[in-house]
Amino acid sequence: MTELSRRNFLLGAGMAGAALAMSATGVAHAADKKASEDEDWASQVTEEISCDILVVGGGFSGTSAAVQAGENGDKVLLIEGQSALGGNGTGVECTNAYGLHPNSGEATLGEMVRYEADAQSYTVNQMFIRDMISHAAENVQWLIDNGVQYEAIEDLDPAYLEMYKQGRYRAEFSFDYVYKGGAAGIGYFPYMKKKLAEYGVNLRLNTRARDLFLDENGNVAGAYATDTYGDTIKINAKAVIVSTGGFGEDAARMGKLGVDLEDIRIIGTPGHYGDGVTMMIKAGGIEHGAPAFGCTNIIGSAGPWGPIWDKLCWGGPCLWVDIHGERFSDEACSTYTHNFELQNVPVRLAGGTCWSIMDKDVYEYMLDGDEECAQLWEEMIAKGDDAYKADSLEELAKIMDVDKDLFLAQVKQYNANVEAGVDADFGKDAEYLMPIATPPFYCGLIRGALEGLYSGGVKTDRQFRVKKPGRDQAFDNLFAVGADGGMLYNNMYGIDINGSMTCHGVNSARTAANTAHKLIAG
């Protein structure tokens, strides 16, 4: 029986795949030193090639787009800035297979569309959600037909099957097809790479797209890229599909959204420099404007998904204060929606970091008997790894370097709320109201951990053509798929439909490739 768990997977096979990709990034960073948005690429061309469809980015979505385009008989060039295919897709464990999964009768399409739209306060186009779910079965079957390997449902550890149906961050709908070995790096990419070769797709690794160029009619005519040696390639293309995985490592763009990368730990694989998003906006595309970051909370050097994350980062009965010492949020809000990203959203909106405060009783409640977590926490305190212990609140205020009087007043007010059984400031559920009163006291500095960027680079239409200013205006031959074109979310990645991001990834990729094929065929 295959035993899979989110913790074991992400700390095992997923991180191994990430380490492999990270080991081969030197040339991309070297080439980046000479790059800028205003670079005159046309004057530096040393090679010129042509294709029908250029796919920029060889992650989960880009690979699907290239395979579909190759299957259609188009002449395809797939370029990837890293030394291997995969990106963050390497660590994906499953895809939503509603309509194919034997439990699909547990929910209707309409129920899922409404639930997901409601989670976003109906600020998203519900047709995007409906398109994604309604095509899930045929898309997963297409992957299977192309050799992608999944674990047999009957062989999965029952605990895995229940993992997304219980606990603080359970998904409302889980119709998972789990990749062989619990990772797309094992069950998806090796088989899709074979299909790239079978369909004659030209694959160029260590080749990073730099800029799009347009024809006299304002349509995209291709792109400039740099290769391993920093030489510039002019790629003439009849259509371009961009799938560069978001812009989580683009400090300037993230800064415009109020996120300082000094407060963020980038996890997963490298390469989320925002190349695709920058190129598309420069060419005349519209920014999405409300991307879903996919951040989760971490404390210290302990990575996400481990015991520190599981027990001490979610807020609950803790008291959270900002860098000044002031409380700013209902610390337990992520438990009401069952969305792990929501634990970080209040922190991000409050500046990017905060202090999580516990007394002896709160700490023991959150620890819930986890001896491994307790040992790690003591080790972090001993190292001063963003975790500290004090005998008094005054001492704690000094350690955190916050306004002592403000902090003590906040604790006093919070404890008064606890005693009254009502959080008069932020409405925290009474279940999580516990006083901060019994020494020793603890504090941990919460930061965000960002896995590239989950979705929201540029706006697209339902065919994933990049939209231009003006109603219903879009490029005929420029597409944004995967995270670059994910308009399923506004500000927060919803996981109510488990496996939705990869479900969107393959749906957007195939839709774009098929639309491009029809355009080329006339």
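Me: Is glutamate 364 buried, partly exposed or exposed?

Reply: In this predicted model, glutamate 364 lies in helix H16 (residues 360-367) together with lysine 360, four residues away, about one turn of the helix. The relative accessible area of glutamate 364 is 42%, and since buried means under 20% and exposed over 50%, glutamate 364 counts as partly exposed.

Me: Which residue forms a salt bridge with glutamate 364?

Reply: Side chains of opposite charge can pair when their charged atoms come close. The closest N and O atoms of the pair are 3.2 Å apart, and the partner is lysine 360.

Me: How many residues apart are aspartate 52 and lysine 238?

Reply: The side chains of aspartate 52 and lysine 238 meet in a salt bridge, with 3.3 Å from N to O. This pair links distant parts of the chain, aspartate 52 being in strand S1 (residues 45-56) and lysine 238 in strand S8 (residues 232-242), and the separation is 186 residues.

Me: What does the side chain of asparagine 88 reach at 2.8 Å?

Reply: Asparagine 88 belongs to the loop between strand S2 (76-79) and strand S3 (94-96), and is buried at a relative accessible area of 17%. At 2.8 Å, its side chain reaches the backbone nitrogen of threonine 269.

Notes:
Residues are numbered from 1 along each chain as its sequence is written. This is a predicted model: local features need pLDDT of at least 70, side-chain atom pairs count only at pLDDT 80 or more; totals for chains, interfaces and linings use all residues. Side-chain values use heavy atoms; hydrogens and water are left out. Helices (H or I, at least four residues) and strands (E, at least two) are DSSP runs, numbered from the N terminus. Buried means under 20% relative accessible area, exposed over 50%, partly exposed in between (1.4 Å probe, protein chains only). A polar contact is a pair of N or O atoms within 3.5 Å; within protein, one must be able to donate a hydrogen and the other to accept it, and residues adjacent in sequence count only if both atoms are side-chain atoms. A salt bridge is a side-chain nitrogen of Lys or Arg within 4 Å of a carboxyl oxygen of Asp or Glu.
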